[in-house]
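Good morning, and thank you for coming. Please have the sequence and the structure open while I speak.

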Amino acid sequence: MPKSLTPRLQDLKVEIEGYARAFGLDFFDQVFEVLSTEELNMVAAYGGFPTRYPHWRWGMEYEQLAKSSEYGLSKIYELVINNNPSYAYLLEANAEVDQKLVMAHVYGHNDFFKNNFTFKFTNRKMMDEMANHATRVRRWIDKIGVEKVEDFIDVALSLENLIDQYAPHIKRNPDPKIEKTQQNTRAEGIRVDRDYMRPYMNPKEFVEAQQKKVETEKQLQKKFPERPQRDVLAFLLEHAPLEDWEHEILSIVREEAYYFAPQGQTKIMNEGWASYWHSTIMTTRALKDHEIIDYADHHSGTMATQQGKLNPYKLGIELFRDIEDRWNKGRFGKEWEECDDLRARRSWDKKLGAGREKIFEVRKHYNDITFIDAFLTPEFAIEQKLFVFNFNDKKNTWEIATREFKKVKNKLLQSLTNFGQPVIDVVDANHDNKGELVLSHKHDGQDLDPNYARETLKNLQALWKRPVAIMTRGEGKGLMLRHDGTQFTEKKVEL
Amino acid sequence: MALRIDRDHGRFKQIVRGKIKQNLKKYVQQGEMLGKKGKDFISIPVPFIDVPHFKHGSRQGGVGQGEGNPGDQIGQGPQQPGDGSGKAGEGEGQHVLEVDVSLDELAAILGEELQLPNIEHRGSEKIVTTRIKYTGINTVGPQSLRHFKRTFKEALKRQIATGTYNPDKPIIIPIKQDIRFRTFKLENLPETNAVIIYMMDVSGSMGDEQKEIVRIESFWLDTWLKSQYKGLETRFIIHDAVAREVDRETFFHTRESGGTMISSAYKLCRDIIKADYPASSWNIYPFHFSDGDNWSADDTRQCIELLKTDILTDVNQFAYGQVESPYGSGQFIKDLREHLGDSEKVSLSEIADKDAIYSSIKDFLGKGR
């Protein structure tokens, strides 16, 4: 069972919290709980929440965590939850220096959750909400049986990535009511009070263009949905023939997917920011002399890189430090960009001292994509030894493809776009006027995995009940993959 | 203590074992069971179920970090984008301490998981090597072997005993009598020798899948026996109607076609043992894998005769694994069971598919011979 902090840990908490506040971090109230390894593995398997709806996949996560901690492959030090108050779990067996480091790290995350714009619309009472979800799912299990409910959750999870990650921040579709009143069948151009001005204000070409727009608008309304809809789950909730309980479970899965989405959008920044702060707080304030070796060991373990993977902790912290350094020295702006003199660049220091301020601003207004896009410089890529790797079919191995800056940056951005997931919209829910659902995959050079697509379509069909299809590309050609409930077909189409 | 996760965990394990939810069983992946990386490292198999998503095909490449030039091969493949999506819990301060396990540890894990007994060695008295180990402590010795810790310990003891030790001003001065030195001891290390002789049927009926099973199984056997013996030797024999000795590479990759005469392999095995591995000082483990389709009953009789008179007398254990092939599995294991089933030196196992490898390893190694 979770234990509250020992008096010693409580003292440490007060101490670290004081440092964090003095550095200007702005966070929710922080609650720490102390757990045993098994309990921490359990909570981690549940995605950080002690109560989740029953499902085997938490068991699977647990199996992996338990095995890897048992065999000493890896170890979870801490977990933080985006919630108000924020909850974090400490591992009971950790040494004191580890607990300090973890606490400092946690205050970094907490500040990020509270201030970064991507988290603005997340539910800050998610602890309670998750527990409610669990209760609701359990009630349905009692009513209609575990097999049915679990099978449906399996199907829903198969579609959980089909959300619109920016949906909380923008309005994709105009409000239908307003649209109705504005409906015009004839374009009239700009209102003109004096007749003689009409040809000037509304030349013929302009009126024609307007007319065309009105007509396409009308055309669109005959289509359903009018515009491609990225939030496939929402579309299914509204239009798929679901039973009450199915509707409820699908909406739970969708809500949780949206809750976790910002964490996927800011993995590099979030870990980088927390690491920046644990490092700053520990090395300038909290560390005692005798703790320094253990701290260094732990910190370097967290920052370790492997060739085939990017470590978000490492990339994040280095990029924040680089930004801080550049803004301290004034290495930005027109003058800096246009300076070709290597020697001048190397000794460039305008003594602005604006670094700290800048990184606070960055942590508020950026997500991983904009963060990388705006601040990843060629110098940084060289210093961090970034490269693109590809699979060499001939040699059947992974190998380094290039270190060219543009390619590295593009690949990195591509892998972050939509969490590296394919971008998929609902484009037609009444295909051929037969009620068939058609999705469209925005092909960005990466094909869909055909086997996975096949199985996913099958699950989608189980929800939609009518045949479903997805338009995509395979090896450069347009493809339509379709599942009609009994069999799977694939045909070439013009895109 | 019972945790809330136990129920979900139990359910997952049941799915993996195919007890419930057959529709999910097909998504169960065993991971790389033996991705032998580098020299002697390997990853532990952890089954997982990949719920299907729309996702990008594998081998898309990505961005990495580290040394190397374009064209250089890099380590294991990348994590697929989105792999971590299930673990969305933010700030899991989880870092990989050590990705790889050494073969020794692996063998220990294997032994634990399968509850394998340690193997009884034989011939151990005969071959002995001596080794020098610095484990002792003495009051005399060369200065270069001074043991500071023990020296100061002695000095502290003496100062406390004589009352000259002041905890507030802990200064310890060793005198000559306090000084301790390391000394060596001679240790007799019994050395045991072991050889595995792998024999595989490569006749037309053994397909790639069957070979894969043999490959995985022999890897684990190798791993376990290596943990039990230093300097394990391995020999490889393939046979269809005739047998020949080959190297490891060929052993796993050859595909011949033709009839099967198992006796040919056993004859060769016998000759190898007689020539190179006197039974008095060697632990000998022949393993034979086949789909059990022998050419004739006559040949089978000859095999049993060979085993009885020549091979079984010399070996620790003779193991025969029958792999199920697309053409069904043969008669051979039944014949062996009938004639040699009561010999404790014979261990027989039927391997239906990859999942059966574990239980088969246990069949082979569970006796601790």
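I shall describe chain A, then a sheet in chain B, and finally the helices that accompany that sheet. Please keep in mind that this is a predicted model.

Let us begin with chain A. It has 21 helices and eleven strands. Of its 495 residues, 40% count as buried. If we take the contacts in chain A between residues at least 6 apart in sequence, 69% of them join residues at least 24 apart.

Within this chain, consider one pair of helices: α12, residues 267-286 of chain A, and α14, residues 312-329 of chain A. Two packed helices are described by the angle between their axes and the distance between the axes. Here the axes come within 7 Å and cross at roughly 70°. Angles of 65 to 115 degrees count as roughly perpendicular, and α12(A) and α14(A) are therefore roughly perpendicular to each other. Their crossing is right-handed. Among the residues that make the contact are W273(A) and Y276(A) of α12(A), together with L319(A) and F320(A) of α14(A). By class, this contact has ten nonpolar, four polar and three charged residues.

We now turn to chain B. Which strands form its open sheet of six? The order is β11-β10-β9-β12-β13-β14, and the pairing is mixed. The edge strands, each of which pairs on one side only, are β11 (243-246) and β14 (346-351) of chain B. From one strand to the next, the twist averages 20°. Strand β13, residues 318-323 of chain B, runs parallel to β14(B), and six bridges join the two. Opposite Q322(B) stands E350(B) in β14(B).

Helices lie across this sheet. Helix α5 (residues 208-228) of chain B lies across β9, β10, β12, β13 and β14 of chain B, and runs at about 175° to β9(B). Helix α7(B) lies across β9, β10, β11 and β12 of chain B, at about 150° to β10(B).

How does α7(B) pack with α8(B), and at what angle? Helix α7 (residues 262-276) and helix α8 (residues 297-314), both of chain B, pack at about 20°, with their axes 9 Å apart. Because angles under 35 degrees count as roughly parallel, this makes α7(B) roughly parallel to α8(B). The crossing is left-handed. The contact includes Y266(B) and I273(B) from α7(B), and L306(B) and L307(B) from α8(B). Its residues divide into eight nonpolar, two polar and five charged.

Thank you for your attention.

Technical notes: Residues are numbered from 1 along each chain as its sequence is written. Chains are lettered from A and ligands numbered from 1 in the order in which they are written. This is a predicted model: local features need pLDDT of at least 70, side-chain atom pairs count only at pLDDT 80 or more; totals for chains, interfaces and linings use all residues. Axes are lines fitted to C-alpha atoms, for helices over the stretch in contact, and angles run from 0 to 180 degrees between N-to-C directions. Helices (H or I, at least four residues) and strands (E, at least two) are DSSP runs, numbered from the N terminus. Angles under 35 degrees count as roughly parallel, over 145 as roughly antiparallel, 65 to 115 as roughly perpendicular and the rest as oblique. A crossing is left-handed if the near helix is turned anticlockwise from the far one by less than a right angle, and right-handed if clockwise. Two residues are in contact if their C-beta atoms, placed from the backbone, lie within 7 Å. Ala, Val, Leu, Ile, Met, Phe, Trp, Tyr, Cys and Pro count as nonpolar, Asp, Glu, Lys and Arg as charged, and the others, Gly among them, as polar. A residue is buried if 20 or more other C-beta atoms lie within 10 Å of its own, exposed if 12 or fewer, and partly exposed in between; C-beta atoms are placed from the backbone. Two strands pair if DSSP finds at least two bridges between them.
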